[in-house]
Amino acid sequence: MTAAQTRILELRAELDEHNYRYHVLDEPSIPDAEYDRLFHELKALEAAHPDLVTSDSPTQRVGSTALSAFTQVRHEMPMLSLGNAFEEADMREFDRRVVEGLDLPAGDLFGAGAEVQYSCEPKLDGLAVSLLYQDGVLVRGATRGDGTTGEDISVNVRTVRNIPLKLKGSGWPATLEVRGEVYMSKAGFERLNATQLEAGGKTFANPRNAAAGSLRQLDSKITASRPLEFCCYGLGQVSAEFADTHIGNLQQLKAWGLPISHELKLANGIAQCLDYYRDIGARRDALPYEIDGVVFKVNSLAAQRELGFRAREPRWAIAHKFPALEELTELLDVEFQVGRTGAVTPVARLKPVKVAGVTVANATLHNMDEVARLGLMIGDTVIIRRAGDVIPQVVQVVTERRPADARPVQIPECCPVCGSHVERTQLVKRSKGRETFSEGAVYRCVGRLACGAQLKQAIIHFVSRRAMDIEGLGEKSVEQLVDEGLVRSPADLYILRFEQIVGLEGFAELSSNNLLAAIADSKRPGLARFIYALGIPDVGEETAKVLARSLASLERVQQALPQVLTYLPDVGLEVAHEIHSFFEDAHNRAVIEQLLERGLQIQEQGELAAEFAASATLDGVIDKLNIPSVGPGGAKKLADKFGTLQGVIDADWLDMRQALPEKQAKAVRAFFDEPHHVALALSIEAQLKAFGMHWESEKKQVEGLPLAGQTWVLTGSLELMSRDVAKVKLESLGAKVAGSVSAKTHCVVAGPGAGSKLAKANELGLKVLDEAAFVAFLGQHNIAV
Ligand code: NAD
């Protein structure tokens, strides 16, 4: 076999496979541009070796076999394809063939000669459909199939809103077969993909696939729900002719109620065709539907008859194509960008490729769900789409071209800008009065205060009137301070010097002094104002006020566990989670620490709000654990039966059975068999107590214990036990363990490294124990270490 023969066979096999995927499955795996290149390679080879052309070659055939799931329909008049022109020269060549075929006088050197009249229409990118009207009534709809045999999709075409079921007016031939394109508008396509995505369904790569996939549905209800439209561009079989020209035909069809293109025009000669092509090309992005070219047809029907057909296309029509919107390239890498709100977005770095006339080297990947949906791996060959002004997108992976060394795309654990933790956003689901988390699509850097990408926005918010209220610092000035490297975190505002500001745009001597004075004036914010200024996601002024009023100290706000925060009015799990992750982040904590070191004195109440202190109950704690199948009622029964959290944790399911139905009792037992659930439960309890919240049953128990009524504070590090353990031991003696020292503190246990709390205790003349004295004290109460 010669090299040409081998290549021809290879190309035919490949094209057959792509035809099947495109026309039958509506799931092409390569872009049209790539298909067209392979098709043209085959055409060129066959032109050079005419003896190798066979009737089953894709160059001789239309579409692909009809899907057997539908009833088959035979087209009385074949539904053909169209020849393609990509360059102006191809168009001139087409015109020359038409002129020659019609035996018209050819043009001379100056281009003068016969001018053929052409009809001009946009080439809609959808799928070809034949509609059969008998006595003005729609009786059948069919796909093109292989041109001779199509699929009966009558039920489906009836759901397309602008296809008349009955023709208007009168005078139509008894048999009238209308041909046109079923397509989806750009807006309809966007809407459909958005709803599909929301419902977790399949999304479509482009409007054509969406239209084809929607129309060739076995369930016509699905078709009916899709935004399909029809546009008529020609005739099939008719029992009587009614016009002399193609445009005449279309205008008559329009009068009978069939939609035709608003862009239909008549061109006198090739030059006007080229003008039309350029005009539509310039307006391509603004059109409400997608087109892949324009179609020119010899307008006179007599001339069309004279010219006739070739194997797969008429000689009297041609599709002049526009640059493709989709191209193939390679995914070199995926990088992560951090936005102004901290959203960490994957961006595809591509081997540069020209798409619709523009070189594309990057494409957005939206989020990690999208990466997963595409099944994308680094090294993959991908289809890039660039429609209109839309940012280029990766619409599909060509999985069969995946190299062996392709790597998965992984979200970084740390922010590429500031190194803070990158966290997946949590969405809260509410059901039966209970909130649980599900995973959101977006990942975010939690380093709000420390992240360079978020810095400008963080500072603009920090200094705003309702936050720290630093007058004289508008957006422009903040941008300058950040760009000049003078401010790298909100804490840097408090070390700004006159000579650093005075040269900046908009800052003269007086305004610089005013700014410094405003910064100094902002140094004693109320706790609510300060919390709001931090710009924690979802924490507005109201939530900041609730946090400040209820918890009354920055330290408690910083420490609070999400479940404890949900005790606050109007704080749901989602916000609680945001607050907790914000303060968990070491970078954010370091900035707050620095703010305090640089002289910020936060005005706080100190004492826990009484209504908050009283809001804790044992059943509330159990309920907040979200034990599967146990609701607030079950939690209450457990609390009443066992009296303490430890009692519930230790109970056998048979004991619980006395309070709950068997299924729930077993669920509670299984829940607490997980050590991390026990740890979580105990830490919630420990924190509520540390904050000074006790519930009734415990209050009773505490009375009569040796340290009842005393408040102790632990500070510094202990060597023989952790502070948590020390706290439990103190509490078992009835003491309340608090986080801050006040005149009401009974005793302070200070380990090495104790700082401001020890100093305050000494200042107030409180009793202070070091670790050895504390261990001895415990020993006196028979508590071993
Ligand atoms: P075509 O789409 O290039 O042209 C013929 C079709 O154009 C008609 O059947 C009709 O549906 C449509 N059309 C739109 N407006 C029209 C108008 N005003 N007048 C007449 N017809 C109009 O040819 P084709 O044979 O349908 O298919 C070839 C196309 O499909 C190429 O663009 C090719 O890239 C693509 N294809 C792609 C793949 C793939 O794997 N990506 C596989 C097969 C085919």
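Student: Which residues have the most contacts inside the largest nonpolar core?

Tutor: Please bear in mind that this is a predicted model. Inside the largest nonpolar core, which has 90 residues, those with the most contacts are Ile470, Leu493, Phe530, Leu551 and Phe672. At least three residues of this core come from each of domain 3 (448-522) and domain 4 (545-699).

Student: What makes a set of residues a nonpolar core?

Tutor: The members must be buried residues of kinds such as Leu, Ile and Phe, joined through side-chain atoms within 4.5 Å. A second, separate core of 32 residues includes Leu127, Leu131, Phe230 and Leu264.

Student: With which residues is Phe672 in contact, leaving aside its neighbours within four places in sequence?

Tutor: Phe672 is in contact with Leu625, Ile627, Val648, Ile649, His677, Val678 and Ala681. The word contact applies to heavy atoms within 4.5 Å.

Student: Why does Gln396 count as buried?

Tutor: Buried means under 20% relative accessible area. Gln396 has 19% relative accessibility, and therefore counts as buried. Gln396 is found in strand 17 (residues 393-397).

Student: Why is Leu45 called buried?

Tutor: The cut-off is again under 20%. Leu45 stands at 18% relative accessibility, so Leu45 counts as buried. Leu45 lies in helix 2 (residues 32-48) and touches Ala4, Arg7, Ile8 and Leu11, not counting residues up to four places away in sequence.

Student: How do you know that strand 4 and strand 7 pair?

Tutor: Two strands pair if there are at least two bridges between them. Strand 4 (residues 127-134) and strand 7 (residues 175-184) have eight bridges, in the antiparallel sense, and therefore meet the requirement. One example is Leu132, whose bridge partner in strand 7 is Glu177.

Student: Why are strand 5 and strand 8 said to stand at the edges?

Tutor: The four strands of this open sheet have the order 5-4-7-8, with antiparallel pairing. Strand 5 (137-143) and strand 8 (228-238) each have a single partner strand, so one side of each is left without a neighbour in the sheet. Neighbouring strands here are turned by 30 degrees against each other on average, direction ignored. Helix 8 (residues 246-255) packs on the sheet, where it touches strand 7 and strand 8.

Student: How do you know that strand 23 and strand 24 pair?

Tutor: Strand 23 (residues 747-750) and strand 24 have three bridges in the parallel sense, and the requirement is at least two. The two strands therefore pair. Val748 has Val768 in strand 24 as its bridge partner.

Note on methods
Residues are numbered from 1 along each chain as its sequence is written. This is a predicted model: local features need pLDDT of at least 70, side-chain atom pairs count only at pLDDT 80 or more; totals for chains, interfaces and linings use all residues. Side-chain values use heavy atoms; hydrogens and water are left out. Buried means under 20% relative accessible area, exposed over 50%, partly exposed in between (1.4 Å probe, protein chains only). Domain bounds come from an automatic or database domain assignment. Axes are lines fitted to C-alpha atoms, for helices over the stretch in contact, and angles run from 0 to 180 degrees between N-to-C directions.
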